[in-house]
Amino acid sequence: MKMLLPVIAALGLAAPASAQMASMPGMQMPGMQMSVKPVAKAKVKAKAKARAKAKAKATPVKRVAHAAQAPAHASENASEHAGHDMSSMPGMEMPASPKPEVAPDRTAMPGMDMSAPKASPADPHAGHDMAAMPGMPGMTSPGVAANDDEIGNAPAPARPTDHAADAFHDPSELAMSRAEMANEMSGGIYHKVMFNLAEYQTHKGADSYRWEGEAWFGGDINRFVVKSEGRGDFRGKTGEAEVQALYSRAIGPYFNLQGGVRHDIRPSPSRTYATLGIEGLAPYMFEVGAALFVSDKGDVLARLEGTYDQRITQRLILQPRAELNFAAQDVRATGTGAGLSDIELGLRLRYEISREFAPYIGVSYDSKIGNSAKYARLDGERVSTASMVLGVRIWF
């Protein structure tokens with residue numbers, strides 16, 4: 001009786017299990033009979049108990065190592081069984097896997113253009129129409145410049161017409177104040193009178209005087225300019241004197257184009273010239289000027305001049321100066337020879353008591369060249385002169 005009880009219990013447990021396995025969908029086990037042998041069952045239980053005792057005796061370190069190795073064994077088992085066709089095992093019929101669903105036709109979706117090429121992993125933005133993105137500078141979109149040349153050429157916004165101060169003060173007085181400020185800050189009318197040279201010259205023979213100056217009236221772009229220069233001696237004879245009346249137009253931040261008339265009072269006979277020239281501030285702070293003169297008699301003259309202010313201190317300034325005059329032909333009446341007719345070189349050291357008033361001392365050298373020197377000798381005049389100078393530079 002004691003031996004029959006385990007057998008009956010085993011049969012009772014095996015019957016539901018076999019029924020359950022037979023009722024699993026998709027698994028038909030033909031020819032398989034669930035028979036249990038009592039001896040085999042007892043051996044299985046004995047082995048399970050032995051394994052449980054061995055695990056209980058295992059140290060924590062071994063358990064940790066075993067747990068760490070478990071995923072590896074699982075991955076190895078998975079790799080061993082990878083690629084096995086489970087449906088080909090005898091006695092096992094697996095249901096057919098469902099067919100993959102066909103992706104919907106995205107090109108038919110409204111508002112989406114899927115004709116652009118697919119982006120590669122290296123360029124995730126390939127195929128995107130970046131020009132259509134609003135607010136991107138340099139892109140072709142409404143209100144945005146297409147290139148750098150168009151940036152900054154848009155018209156300025158209109159001046160505001162509502163002023164908060166008008167609610168507390170007389171609007172007519174404030175309008176006059178705003179107009180005056182606009183006139184002073186931009187587009188104003190200015191003037192300046194300056195004598196760059198006003199000096200006494202001492203040299204061999206009779207001492208002389210020399211002047212050069214200009215006055216202008218206008219704005220930053222358009223101006224009316226008057227220039228004058230000349231020389232003479234204290235015996236009462238004025239050797240040279242000229243006056244120019246010019247219209248000056250700014251052609252850049254540093255240069256002005258000038259045109260007008262020039263009239264020579266001395267030497268006699270007097271001449272009147274049409275004038276075209278340019279003057280301004282060259283690189284490295286050189287003040288330069290060039291002019292072409294055509295007289296009413298057909299005489300053609302030219303002039304080049306330049307100065308440079310070398311600041312020794314904020315108030316002590318050394319100024320070299322050069323002026324060269326040219327003629328296209330000989331003019332015996334005025335003592336002018338063709339080619340380079342005369343030169344003037346100077347070096348002056350001034351001290352600016354104020355910016356508007358600066359006395360100076362220096363040296364000056366004047367010489368006639370070529371046929372001009374020949375005409376000067378025939379008239380009993382000096383060909384070249386070296387002078388010590390004392391003068392003042394003033395403007396207001």
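Me: What joins the side chains of Arg231 and Glu344?
Reply: In this model, which is predicted, the side chains of Arg231 and Glu344 are joined by a polar contact of 3.4 Å. The pair also counts as a salt bridge, with the closest N and O atoms 3.4 Å apart.

Me: And how many residues apart in sequence are the parts that this pair ties together?
Reply: They are 113 residues apart, because Glu344 lies in strand S11 (residues 339-351) whereas Arg231 lies in strand S3.

Me: Buried or exposed, those two?
Reply: Glu344 and Arg231 are both buried.

Me: What else is Arg231 in contact with, leaving aside its neighbours within four places in sequence?
Reply: Besides Glu344, the residues in contact with Arg231 include Gln201, Tyr209, Arg210 and Trp211, and also Thr238, Gly239, Glu240 and Asp366.

Me: Arg210 is on that list, so which residue does Arg210 form a salt bridge with?
Reply: Its partner is Glu229, and the closest N and O atoms of Arg210 and Glu229 are 3.7 Å apart. This pair links distant parts of the chain, with Arg210 in strand S2 (residues 208-218) and Glu229 in strand S3 (residues 222-233), 19 residues apart. Arg210 is buried, as is Glu229.

Me: Why is Asp166 called partly exposed?
Reply: Asp166 has a relative accessible area of 22%, and the term buried is kept for values under 20%, so this residue falls in the class between buried and exposed. Arg178 is likewise partly exposed, with a relative accessible area of 24%.

Me: Stepping back, what does the count of salt bridges come to?
Reply: The count comes to 24 salt bridges.

Me: And how many helices and strands are there in the protein?
Reply: The protein has 5 helices and 13 strands. Of its 396 residues, 20% are buried, and among contacts with a separation of 6 or more, 42% are between residues 24 or more positions apart.

Me: What does the accessible surface come to?
Reply: It comes to about 28,300 Å², and carbon and sulfur atoms account for 64% of that surface.

Methods:
Residues numbered from 1 in each chain as written. Predicted model: local features only at pLDDT ≥ 70, side-chain atom pairs only at ≥ 80, totals over all residues. Heavy atoms only, no water. Helix = DSSP H or I, 4+ residues; strand = E, 2+ residues; numbered from the N terminus. Buried < 20%, exposed > 50% of the residue type's maximum accessible area, 1.4 Å probe, protein only. Contact = heavy atoms within 4.5 Å. Areas by Shrake-Rupley, 256 points an atom, 1.4 Å probe, with all protein chains shown as cover. Salt bridge = Lys/Arg side-chain N within 4 Å of Asp/Glu carboxyl O. Polar contact = N/O pair within 3.5 Å; in protein donor to acceptor, adjacent residues only side chain to side chain.
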